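Let's take a walk through this one together. Have the sequence and the 3D view ready, and we'll go step by step.

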Protein chains: 2
Amino acid sequence: MLIYTTVLETKKLLRNLDGWLEKAGAYATAKKFEPSVLLQSRLAPDMFPLLRQIQATCDQAKYAAARAAGKDAPSHPDNEQTVDDLRKRIATVVSYLDTFTKSDFEGTSARTVSLPRWEGKSMTATDYFIEHAIPNFFFHFTTAYAILRHNGVDIGKRDYLGALSMR
Amino acid sequence: MLIYTTVLETKKLLRNLDGWLEKAGAYATAKKFEPSVLLQSRLAPDMFPLLRQIQATCDQAKYAAARAAGKDAPSHPDNEQTVDDLRKRIATVVSYLDTFTKSDFEGTSARTVSLPRWEGKSMTATDYFIEHAIPNFFFHFTTAYAILRHNGVDIGKRDYLGALSMR
């Protein structure tokens with residue numbers, strides 16, 4: 001089932017994001033600046049800073065899997081303040097994604113997803129996953145990457161894609 | 001078939017990208033600067049500028065569909081210089097994606113994808129699509145968005161996601 005494979009991919013990408021944060025912390029130490037400067041960096045005044053981009057990446061991965069599977073996602077309050085806090089948040093979501101199995105994603109075309117702000121409208125779980133959850137996940141994931149690159153953190157395409165299933 | 005649905009999604013996102021470029025051109029006119037300044041903007045010295053991000057977005061969408069379907073993708077030389085050139089490139093890829101049907105994506109788990117730089121290694125077409133093509137597509141697509149936002153172009157989440165299949 002392709003949705004399950006894509007959920008596994010978001011889990012891998014969250015681990016990549018954790019690796020970027022490790023490098024970001026080391027960069028702050030080497031350059032002798034407070035990591036919070038990086039966490040509060042943003043690309044435009046009306047875009048989220050890095051910290052919020054990472055929280056949103058975590059949430060989108062969590063909701064993508066939960067809603068596609070028709071489950072209630074656990075609540076994760078956005079109270080992170082440090083690089084270590086964010087790395088724990090990522091680990092929490094990775095552990096949550098570990099609880100899913102292939103069979104959770106059977107019947108997504110017949111399942112319905114509706115959010116309060118959609119005012120009674122809904123999407124099939126398949127459409128929600130492909131048109132909403134995954135693009136939103138990549139929006140925040142890639143913007144986090146862009147903020148780090150813009151600020152000089154030494155990450156590249158391999159850190160973005162991670163290991164590939166080559167043979 | 002979820003790969004086909006995702007190909008349709010990349011087609012929609014390319015149309016969204018075309019809309020960003022239209023707004024970017026209007027912004028340059030209103031602010032009286034050369035659009036090429038925007039096309040040559042980048043977020044880090046060793047990242048592609050906007051023009052190259054858009055060419056890469058087009059290529060990733062094209063290769064995602066072609067390689068998953070086991071077809072040879074048409075060649076599109078990277079000779080664009082203006083906003084209009086890039087919008088034509090996008091239209092060309094959208095038309096190409098229009099040629100695919102659901103049945104093109106049957107049997108992707110048994111199909112093999114290999115690129116010259118992979119030195120003889122390969123991925124299944126499914127793994128290539130989910131681990132390589134789609135993340136790369138979103139990498140360039142979102143970075144293009146980030147460059148435009150960083151430079152003040154008035155686009156937002158709706159321009160990014162586009163219309164959703166609500167009912």
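How many residue pairs are in polar contact across the interface of chain B and chain A? The rule finds 12 of them, with both residues at pLDDT 80 or more. A polar contact here is a pair of N or O atoms within 3.5 Å; within protein, one must be able to donate a hydrogen and the other to accept it, and residues adjacent in sequence count only if both atoms are side-chain atoms.

Before going on, keep in mind that this is a predicted model: local features need pLDDT of at least 70, side-chain atom pairs count only at pLDDT 80 or more, and totals for chains, interfaces and linings use all residues. Residues are numbered from 1 along each chain as its sequence is written, chains are lettered from A and ligands numbered from 1 in the order in which they are written, and side-chain values use heavy atoms, leaving out hydrogens and water.

Back to the interface. On chain B, 41 residues are in contact with 41 residues of chain A (contact means heavy atoms within 4.5 Å). The size of an interface is often given as the accessible area lost when the parts come together. Here the two chains bury about 3,900 Å² between them, 64% of it on carbon and sulfur atoms (accessible area uses a 1.4 Å probe, and the loss is summed over both parts).

There are also 3 salt bridges between chain B and chain A, each a side-chain nitrogen of Lys or Arg within 4 Å of a carboxyl oxygen of Asp or Glu. One of them joins B:D46 to A:R149, with the closest N and O atoms 3.0 Å apart.

Now for the rings. Over all chains, the count is 31 aromatic pairs: rings of Phe, Tyr and Trp (its six-membered ring) with centres within 6.5 Å, called stacked if the planes are under 30 degrees apart, edge-to-face if over 60 and tilted for the rest. Take A:Y160 and B:F139, an edge-to-face pair at 4.7 Å centre to centre, with 85° between the planes. A:Y160 and B:F139 are both buried (under 20% relative accessible area; exposed is over 50%, partly exposed in between, with a 1.4 Å probe and protein chains only).

Finally, look inside chain A. A:A28 is buried too, with a relative accessible area of 2%. Leaving aside residues up to four places away in sequence, A:A28 touches A:F33 and A:P35. The C-alpha atoms of A:A28 and A:L38 are 8.1 Å apart, and these residues are 10 apart along the chain.
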